[in-house]
Amino acid sequence: MSKADLISEALDEEVVVSRVLADPRPVVFIDTCCLGDVFRRMLEGKTDFVRNTIKAIQGNQTKHICHYLFSEQVVREFSRKDQFVKREIDSLNTPIKHWNNAVDVCADVNGDFLVENLDGFMRIDLEQVQGFYTMVLEHIAELFKMGFIIKPSEDSIRWGAARQSLGKRPAQLGKDSYGDCVICGSALNVMRALRIKGFPLPAYFTSSNIKDYAQGTQLHSDLVDEFGECKMSYCQTILEAYGLIVKRANKKRRREHSGDWGRRWAPRLIKVVRRCR
């Protein structure tokens with residue numbers, strides 16, 4: 001599905017609110033940088049982060065324990081990041097070719113000069129790297145398709161413009177943060193409407209852009225009141241938010257199981273105690 005197709009399916013904030021209420025699950029708003037992080041960590045060799053984030057995406061595809069929500073601004077921005085990552089992968093072509101040539105020479109010369117410790121010299125398959133990139137991209141496309149893409153309202157756009165003008169987080173003075181502010185404003189608007197209508201479940205806003213959202217390890221003071229009003233928590237990664245939702249679901253399941261056990265066995269235990277008397 002192309003960027004244009006995804007944006008054409010963007011829903012008004014009121015429609016997103018009604019759909020979430022019709023199928024109540026915890027909600028996770030995802031900022032663009034959380035998607036780009038998957039590719040950045042891949043190029044940095046952060047295996048666990050990439051593996052576990054993909055597992056979190058796949059897990060929600062099968063278990064459907066939360067709603068993923070994106071501003072249409074995220075789709076636009078990710079398309080630009082997607083092209084950047086493609087260029088990064090393509091740029092590896094020449095150094096990988098040079099590495100493979102060196103490995104071939106070392107392997108040939110080793111027989112003549114008995115150079116030791118060549119076991120770690122392995123050829124790199126650029127097509128495998130590109131194939132992995134394509135696989136990750138497909139998972140993110142699924143993430144868009146199974147979530148809701150939000151068309152920001154005029155209120156969200158005005159809120160974003162005001163924050164940019166004031167230089168209040170997620171904006172910063174001297175930086176063009178209008179798109180970030182619209183993404184955040186739309187999330188706040190949707191959550192405000194959900195809370196007014198009695199939505200009781202957890203909500204998370206995920207962004208690894210700590211310069212815009214964090215103060216140390218906590219949410220920036222510029223945003224505490226708005227997030228508090230909407231009862232929305234801040235997480236730095238998709239994985240962190242998904243982990244909290246899974247933990248909550250498991251706790252609820254154990255509690256329900258414990259309650260079922262009590263309902264089944266309590267009457268029998270009472271009878272046993274009475275007989276013992």
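Is Pro 26 buried or exposed? Keep that one in your heads for a second while I say what we're looking at. This is a predicted model, so everything I quote is computed from it. Okay, Pro 26: buried, with a relative accessible area of 6%. Under 20% is the cut-off for calling a residue buried, so 6% puts Pro 26 in that class.

Where does Pro 26 sit? In the loop between helix 2, residues 13-22, and strand 2, residues 27-30. Leaving out residues up to four places away in sequence, Pro 26 touches Ile 65, Cys 66, His 67, Leu 201, Pro 202, Ile 245 and Arg 248.

Take the contacts in the chain with a separation of 6 or more: 79% of them are between residues 24 or more positions apart. The chain has 277 residues, and 41% of those are buried. For secondary structure, count 12 helices and 8 strands. The accessible surface is about 16000 Å², and carbon and sulfur atoms own 53% of that.

Now, the core. The largest nonpolar core has 61 residues, and the members that touch the most other members are Phe 29, Leu 35 and Met 232. Helix 9, residues 178-196, puts in the largest share of this core, 7 residues. What does Phe 29 touch, if we skip residues up to four places away in sequence? Quite a list: Leu 69, Ile 150, Ala 187, Val 190, Met 191, Tyr 204, Phe 205, Thr 206 and Met 232.

From first C-alpha to last, helix 9 reaches 27 Å, close to the 27 Å you'd expect at 1.5 Å a residue. Just after helix 9 comes Gly 198, with a positive phi of about 90°.

The buried residues in helix 7 are Leu 126, Tyr 133, Val 136, His 139, Ile 140, Leu 143 and Phe 144. Look down the axis and those buried residues fall within an arc of 150°, so they line one face of the helix. Which exposed residues does the face turned away from the buried side carry? Glu 127 and Gln 128. On length, the 21 residues of helix 7 should span 30 Å at 1.5 Å a residue, and the end C-alpha atoms are 31 Å apart, which agrees.

At 13% relative accessibility, His 139 counts as buried. Not counting residues up to four places away in sequence, His 139 touches Ile 54, Ile 57, Gln 58 and Gln 61.

Last topic, charges. How many salt bridges does a search of the whole structure find? The number is 11. I'll walk through some of them.

First up, Asp 23 and Arg 25, where the closest N and O atoms are 2.5 Å apart. Asp 23 is partly exposed at 33% relative accessibility, while Arg 25 is buried at 17%.

Next, Glu 72 with Arg 76, at 3.7 Å from N to O. Both belong to helix 5, residues 72-91, and because they are 4 residues apart there, about one helical turn separates them. Glu 72 is buried, with 11% relative accessibility, and Arg 76 is partly exposed, with a relative accessible area of 30%.

Then Asp 212 and Lys 175, whose closest N and O atoms are 3.1 Å apart. Asp 212 is in helix 10, residues 210-213, and Lys 175 is in the loop between helix 8 and helix 9, so this pair ties together parts that are 37 residues apart in sequence. Here Asp 212 is buried, at 0% relative accessibility, and Lys 175 is partly exposed, at 32%. Finally, there's a network: Arg 41, Glu 44 and Lys 46 are joined by salt bridges that share partners.

That's my tour, from a buried proline to a salt-bridge network. Over to you.

Note on methods. Residues are numbered from 1 along each chain as its sequence is written. This is a predicted model: local features need pLDDT of at least 70, side-chain atom pairs count only at pLDDT 80 or more; totals for chains, interfaces and linings use all residues. Side-chain values use heavy atoms; hydrogens and water are left out. A nonpolar core is a set of buried Ala, Val, Leu, Ile, Met, Phe, Trp, Tyr and Cys residues joined through side-chain atoms within 4.5 Å. Buried means under 20% relative accessible area, exposed over 50%, partly exposed in between (1.4 Å probe, protein chains only). Helices (H or I, at least four residues) and strands (E, at least two) are DSSP runs, numbered from the N terminus. Contact means heavy atoms within 4.5 Å. Accessible areas come from the Shrake-Rupley method with a 1.4 Å probe; for residues, only the protein chains shown count as cover. A salt bridge is a side-chain nitrogen of Lys or Arg within 4 Å of a carboxyl oxygen of Asp or Glu. The expected span of a helix is 1.5 Å times one less than its number of residues. The arc is that of the directions from the helix axis to the C-beta atoms.
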